[in-house]
Amino acid sequence: MNPKIRVACVGYTNAWPLTRHLDPAQFDVRACVPSAAARLLNQGEADVGLVPVASVFDGGATWRVVPGYCIGSDGDVDSVLLVGERPLAEWDEVVLDGESRTSVVLAQILLRGPLARPDLPVRAVDAGTGAFHAQGRVGAVVIGDAARNLPDRLTTRIDLGRVWKDWTGLPFVFAVWAGRPDLPAAAITGLREAAARGLPERASAPAADRDYLLRAIRYELDDRALMGLRRFVALAQAAGLFGPGELSLYPPPAATRSREAAEGLLASTRRGERISMDGALCLLEDTPTPELCAAADDVRRLRLPGRDVTYLMAGNVRLGEVAARGAALAAQGAVAAVLQAGVPEASTLSSCEAAIRALKGDHGLSVTGLGVDELAGLALAAGVAPEVALRRLVDAGLDGFGGTPTRAGAASRPQAQMLTRLAGEAGLRGPATLTLGLGESRAERVAHLCAVRDAQDEALAAGRPGYSAFSVWTGLAGVPGRDDSAQAWLRLVALARLVLDNVPHITAWWPTVGLGAAQTALFAGADDLGPILLDEDALGAPGRSWTTDPEEVEHHIRVAGFRPVRRDLDWTRLVPVAAAPDGRYARI
Amino acid sequence: MLADLPEISRAHVDAAGLGDIRARLDAGQRLDFDDGVRLFTTPDLGALAALANRERERRWGDLTFFNRNVHVNATNVCEASCIFCSFSRLKTGDPSAYTMALDEAVGRVRALRGELITEVHIVNGLNPDLPWSYYLDLLRGIKAERPELHIKAFTAVEIHYFAEKYGMTYERVLRELIEAGLGSLPGGGAEIFHPRARKKLCDDKVDADGWIEVHRVAHELGLRSNCTMLFGSIETVEERVDHLLRLRALQDQTGGFQTFIPLRFHHENNRLNRLREPTAFDTLRTFAVSRLMLDNLDHIKAYWVMLGVELAQLSLDWGVDDIDGTVREERIYHMAGARTPQTLGRAELIQLIRDAGRVPVERDTLYHVVAEA
């Protein structure tokens, strides 16, 4: 019988989703304050601990970090604050509560950076006494449960998670599971499984904690969180606040996940419960395609009852051929033009404005196609801020947003987030997309889906329209072994339906996988076939089946038992005009 | 008893109204004609995947077979007038008609000297101008060139034609071909057995009983063979089920079939070009229902040349466990408008299977494992 794994972990409220399901047969758990957890680990009295990030570097970075989960934030964290009786500008000293070195280092970095008080003297005080010391012109860092129960006299409360997010655009990681380098794989699996079981139970936490655990604390140690963590470590090392060394992760125990876990996850997803990032990865790795598709199909039927499948008649229009293409597209029954700005020059922004006016005014087309990267390029070439470029295009009549970059992870870039937010504030909707086969891992695919879900939450909460649809692109790389087969595509479509509980439509984007695969995806969560691009030189790869014939597309929808419905860019349904001999469609 | 379906899939199948069929499959019971018709008419493609994939994985897990072969179509001159065919040319004088000289046909194999193929697949038109010795010499010539290659040649339609034209019994025809090097029979020419559809599709070639009889005799002589169904032209769902049950009945008696290959109708360059080709929906459901009805056949094959790479990959979740081979010079489907590449290399086939989440296994004609990739 193997000896039990000795675990040191903090007893804070935010730790219990990670620790409460640690199997007592496998783990010997000791609760303590963060600094003590680090000490036990350093002294060889614990094998693994839930420790502040700072501790990892205090020991010379000899510990490794368990992938998948952490205690972090992505905006307001509620439990790591700078507090005082007076505004920050009036403070002449800050006391640092020694309970968590990570928060202390974060406070120091933020005071030197965005908070603009680089010279404020700091003084260490005993753990847990920060709030007591914060009086008059003395401010304090307070953390943990103490920060969530402050006396009323402390009217200045600066949330360091929020300041970090606004400064870097990234999540912040406060604590990680770290352990000795030779920690057995079974222990890593056990820690992750405990988290996978504990996190869904946040929803049934006491009312006072529920919002904090579900909203303020971010438990996924995903690519975005790792990016934030690495940024923080680099800043702290540059400031001399952390020792040297690099972050080292244990390999993720992909092969040890179980079928049973996947089945449990699918069942809870079908009940409408939100799936975690690790849960989604588990499904992607371990669930057979028929089961994944069945679950996605069930969810699609619940959310979009009926048998309607939509599609859009659209065409690409390059600047310089606006008049000819606009007329041709309108004649072919297109309702939307996808504007291609090409390589932007100084005058391209004005040309785009003119093109939008012409396509709408002369040809009655809705116009979309300019996404984050195009907007940034146009603005740069024209020498204006991206928000100015966007405003001008909106004023010219731009109807839809081209969306965020499609490469995994790109949607999380601060500029992408900013432009997406601005487009949303202007009332523009666009799709979110993921392109497979550009060298991204499955974990990164799942992280991309979750980033889209987070962004959508934020948009909807702020009253913006958010993403209209999600689509998966594949087969563009043309490099073998990139896991971008029809199967990989179908599985991602299904997973997107399961993960993106806040995005209304899933588009089966078929130019590269073929109409047959798209038809199959109608049984895997997709409810839209996206655009029929009425272009002669459309981007279907050679040898792929490609059609610009709406009859053919409608036939595929109909024989699969669905009802084809033509739509506009804004998802308004279109109906054939009975009296019109030219087969025109009108908005309902 | 089968392993239970995962709860999600079970609920999905039952919600699709197929709970009683699922229960019969759970208990290892055989499906009947009415079950087949219901499976072919369910709108729920996902439920079919769940059921068919269980049968597939019960037999083979993730293993997915492929082989390396060369196709030789020695002549496209053909007396038959099947309306779905884009390959045949009625007369020798037709500008696109061809008949290879023996040395040319053998040369197709000779040209691949040094390549690690295991099989020669030969299917021809019913050419009225060739002597019986042509076929025997063709086999002998290939055997002389590459004695280790397995020759899978001549559909039941050809065997029947030889018997009539050269005045021999099926047994005599097959014995002489075996003597010359024949290793097994391909499954072509079955089309649709039911007389209504068969009369419309191919009135002048061997009927269902003749096709079945050729394979029975072949099995009794120790040959293994494959079987096929041409789906998606003018046949009804009931005629598809009837077809599957006739094959299942012979298999119960002889056990000689290795693989069932549903052949998708292609419409270019033939007299059915006004018909739409079957969509992925009909194709995948046909694979799945075949897997479920043919409980006594080992393998269901999706011919990737016919489906394209994407659909061939998807089919592996709808009951298919074999995607045929690295085909050299396929003519029959390409003349009917197939837009797939002519060949995929071994590495590409392995990648195709792996990308679909399965485990590739290279087999020979008789399903001996050549190499687990």
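Biologist: How far apart are the centres of domain 2 and domain 3 of chain A?

Modeller: In this predicted model, 45 Å separate the two centres, taken over C-alpha atoms.

Biologist: What makes these stretches domains 2 and 3 of chain A?

Modeller: The bounds come from an automatic or database domain assignment. For chain A, that assignment gives domain 2 as 80–168. Domain 3 is 277–322 + 405–536 + 545–587. There is also a domain 1, made of 5–71 + 172–256.

Biologist: Which strands form the open sheet of chain A, and in what order?

Modeller: The order of its five strands is β7-β6-β8-β5-β9, with mixed pairing. The twist averages 25° from one strand to the next.

Biologist: Why do β7(A) and β9(A) stand at the edges?

Modeller: Each has a single partner strand, so one side of each is left without a neighbour in the sheet. The two edge strands are β7 (122–125) and β9 (156–159) of chain A.

Biologist: How do you know that β6(A) and β7(A) pair?

Modeller: Pairing needs at least two bridges. Strand β6 (residues 93–97) of chain A has four bridges with β7(A), in the parallel sense. Therefore the two strands count as paired. Take one residue: L96(A) has A124(A) in β7(A) as its bridge partner.

Biologist: Which strands does helix α4 of chain A touch?

Modeller: Helix α4 (residues 101–112) packs on the sheet and touches β5 (80–84), β6, β7 and β8 (138–143) of chain A. The direction of α4(A) makes about 135° with that of β8(A). Helix α7 (residues 160–168) of chain A packs on the sheet too, touching β5 and β9. Its direction makes about 50° with that of β9(A).

Biologist: Now to chain B. Why is α6(B) called roughly parallel to α8(B)?

Modeller: Angles under 35 degrees count as roughly parallel. Helix α6 (residues 132–145) and helix α8 (residues 170–180) of chain B pack at about 30°. That makes α6(B) roughly parallel to α8(B). Their axes lie 8 Å apart, and the crossing is right-handed.

Biologist: Which residues of α6(B) and α8(B) meet?

Modeller: From α6(B) come Y135(B), L136(B), L139(B) and R140(B). They meet E176(B), L177(B) and A180(B) in α8(B). By class, this contact has five nonpolar, no polar and two charged residues.

Biologist: How is chain B divided into domains?

Modeller: Domain 1 covers 7–56 and domain 2 covers 64–372. Their C-alpha centres lie 29 Å apart.

Biologist: How many residues does each domain of chain B give to the contact?

Modeller: Domain 1 of chain B gives 16 residues and domain 2 of chain B gives 19. On the domain 1 side, α3 (33–41) and α4 (45–60) of chain B are the elements that give two or more. The most come from α4(B), with eight residues. That side has 10 nonpolar, three polar and three charged residues.

Biologist: What makes up the contact of chain A with chain B?

Modeller: Chain A gives 35 residues and chain B gives 30. On the side of chain A, the elements with two or more residues are α11 (259–270), α13 (289–303), α20 (486–499), α21 (515–521) and α22 (550–559). The most come from α13(A), with eight residues. The chain A side divides into 16 nonpolar, 13 polar and six charged residues.

How values were computed. Residues are numbered from 1 along each chain as its sequence is written. Chains are lettered from A and ligands numbered from 1 in the order in which they are written. This is a predicted model: local features need pLDDT of at least 70, side-chain atom pairs count only at pLDDT 80 or more; totals for chains, interfaces and linings use all residues. Two residues are in contact if their C-beta atoms, placed from the backbone, lie within 7 Å. Ala, Val, Leu, Ile, Met, Phe, Trp, Tyr, Cys and Pro count as nonpolar, Asp, Glu, Lys and Arg as charged, and the others, Gly among them, as polar. Axes are lines fitted to C-alpha atoms, for helices over the stretch in contact, and angles run from 0 to 180 degrees between N-to-C directions. Angles under 35 degrees count as roughly parallel, over 145 as roughly antiparallel, 65 to 115 as roughly perpendicular and the rest as oblique. A crossing is left-handed if the near helix is turned anticlockwise from the far one by less than a right angle, and right-handed if clockwise.
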